[in-house]
2 protein chains.
Amino acid sequence: MSRTVFVNGEYLPEGEARVSIFDRGFVFGDGIYEVVPVIGGKMVDKAPFLERLKRSLAELRIDMPMSEADYLAMHQKLIELNGIDEGGVYSQITRGVADRDFAFPAPGTKPSVAAFTMKKALLDNPIAVKGVKVVTVEDIRWKRRDIKSVALLGQVMAKQEAVEKGGFEGWMVEDGYVTEGTSSTAYIVKGDTIITRPLSNSILPGIRRKVIKRLCEDHGVKLEERLFTVDEALAADEAFLSSATTLVMPIVEVDDTRIGGGQPGPVARKMREYYIAAIKAEAGIA
Amino acid sequence: MSRTVFVNGEYLPEGEARVSIFDRGFVFGDGIYEVVPVIGGKMVDKAPFLERLKRSLAELRIDMPMSEADYLAMHQKLIELNGIDEGGVYSQITRGVADRDFAFPAPGTKPSVAAFTMKKALLDNPIAVKGVKVVTVEDIRWKRRDIKSVALLGQVMAKQEAVEKGGFEGWMVEDGYVTEGTSSTAYIVKGDTIITRPLSNSILPGIRRKVIKRLCEDHGVKLEERLFTVDEALAADEAFLSSATTLVMPIVEVDDTRIGGGQPGPVARKMREYYIAAIKAEAGIA
């Protein structure tokens, strides 16, 4: 069955959802995106989702194309039209349609909006029970990775390389240090301490990262924000990643090295439980 | 009057030329582009244009969507349909339409093609008589700038900053050295020697740069391929840039420093003449 998607004010079958070839998203990668998880038919991590969306737009000086309430209502309508119980909603805002010129178009040019749903098992994900493999790849991206832009060619090439090497995800490496996954945040565990890279222009400020940090405080789990090398990752007791659609995902292999005996570790499993409990509470699921 | 443009096999009014919101050009910047100059209704620098197009596609492992002959014929048809005497043709090839996933879509996914013309005075361009100002901006782009990809957000932000500071173009600077313009190659002149950055992954292999290098050999002009700093540019005797639609463009100001007394210099003017003579010969214009 074809999805109903949203594009510039209209709800359309996905096969009919189109944008101009002059859309700056198409010719320049000049736009931003977000993915918000859905459980029990409801969006979760809604507040940090809107906050990061607005931050990305502000950094690129793209206007918010509709009110926050209308943006959320459009998301909720897509969830209902497509009968999404679990999964996510992807949305993208670009600088709009204008004759091709690198400089910004005339003030008043309307940003473009496109959004669509994804159906995906988030809570009872069999992959999370077994854990995944990540493959390290070179991080060749630009210097403003804190902006969630659609100019994602670096991530595309990195992910493809990781997949071809048998990885579920690629961990990008710069100057010997892991920056982040191609579409996830990277963590290792040493003893009882979670280690993750501090926020900067080198990584995306992960929403799950933010929630995990709060959950560590709530539950008395030690979290250290510092750079870590590939060698440290290979020698770690555990590793995991987080993103909108994997939530908290244990890692059992980095390159060809088994982590924690090839089994999801206790800290990663615990953090996944805490995170799932938090979003269930937000969605009002018992 | 509305242009007729090309998109995925069809010639359409520009207002009706659309691509799917699932096109990987739109969601990932996963595609490449080219601009070929047109004079006297004919494409020029045609051979290096096709060569670079194929190189960019190969680097990203995107298939050439049609034969070279058909690609050129499509361009020529757009030139004729739109009555282009002077200007250029922009064309873009993306990895095609697929459900959103960073990794490459299934083999056989058809690349998308879009193309449109630009009407512009190239030969008798009044701007070239006066010369232009460039503004230095930080180069924050990714590490594969040799691929002419549509993931151009770094260039967009750099160009906008340059325009806001009164520049015709931005010269991007990395580690104190000028890399290139946001959509042009950068040159300075010291005495009778042209200086331009050597080819590497740090810059696009400019087609005009390639032709200029050959013209220097033909006409006995010294050209040195080496890195140059912003300070060297500010103290240079001349400066110029090159691109598909500016050809060879004298620079008379870098940031707030006048170059060569604020007048286009003799080397830049000579190179523009040589270049124009070369493309006129290719187009068969007397």
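Reader: At what angle do helix H2 (residues 46-60) of chain B and helix H3 (residues 68-81) of chain B pack?

Author: In this predicted model, H2(B) and H3(B) pack at an angle of about 120°. Their axes are 12 Å apart.

Reader: Which hand does the crossing of H2(B) and H3(B) have, left or right?

Author: The crossing of H2(B) and H3(B) is right-handed.

Reader: What makes the contact between H2(B) and H3(B)?

Author: H2(B) brings Lys46(B), Phe49(B), Leu50(B), Leu53(B) and Lys54(B). H3(B) brings Glu68(B), Tyr71(B), Leu72(B) and His75(B). Contact here means heavy atoms within 4.5 Å.

Reader: What makes strand S12 (residues 193-196) of chain B and strand S13 (residues 222-225) of chain B a pair?

Author: Pairing takes at least two bridges. S12(B) and S13(B) have 4 bridges, so they count as a pair. The sense is parallel. Thr196(B) of this pair stands opposite Glu225(B) in S13(B).

Reader: What does the chain pass through from S12(B) to S13(B)?

Author: The chain passes through helix H6 (residues 207-219) of chain B. This β-α-β crossover is right-handed.

Reader: What is the strand order in the open sheet of 6 strands in chain A?

Author: The order is S2-S1-S7-S6-S4-S5, with antiparallel pairing.

Reader: Why do strand S2 (10-13) and strand S5 (42-43) of chain A stand at the edges?

Author: Each has a single partner strand, so one side of each is left without a neighbour in the sheet.

Reader: How many bridges do strand S6 (residues 87-94) of chain A and strand S7 (residues 112-119) of chain A share?

Author: They pair over 8 bridges, in the antiparallel sense. The cut-off is at least two, so this is a pair. Gly88(A) stands opposite Met118(A) in S7(A).

Reader: What joins strand S1 (residues 4-7) of chain B to S2(B)?

Author: 4 bridges join them, and the strands run antiparallel. Val5(B) stands opposite Leu12(B) in S2(B).

Reader: How do you know that the two copies are related as by a two-fold rotation axis?

Author: A rotation of 180° superposes chain B on chain A, with 0.0 Å of shift along its axis. The RMSD is 0.0 Å. The two copies are therefore related as by a two-fold rotation axis. The same surface serves both copies: of the contact residues of chain B, 100% recur in chain A.

Methods. Residues are numbered from 1 along each chain as its sequence is written. Chains are lettered from A and ligands numbered from 1 in the order in which they are written. This is a predicted model: local features need pLDDT of at least 70, side-chain atom pairs count only at pLDDT 80 or more; totals for chains, interfaces and linings use all residues. Side-chain values use heavy atoms; hydrogens and water are left out. Copies are superposed by least squares on the C-alpha atoms of residues with pLDDT of at least 70 in both. A crossover is right-handed if, with the strands pointing away from the viewer, the path from the first strand over the helix to the second runs clockwise. Axes are lines fitted to C-alpha atoms, for helices over the stretch in contact, and angles run from 0 to 180 degrees between N-to-C directions. A crossing is left-handed if the near helix is turned anticlockwise from the far one by less than a right angle, and right-handed if clockwise.
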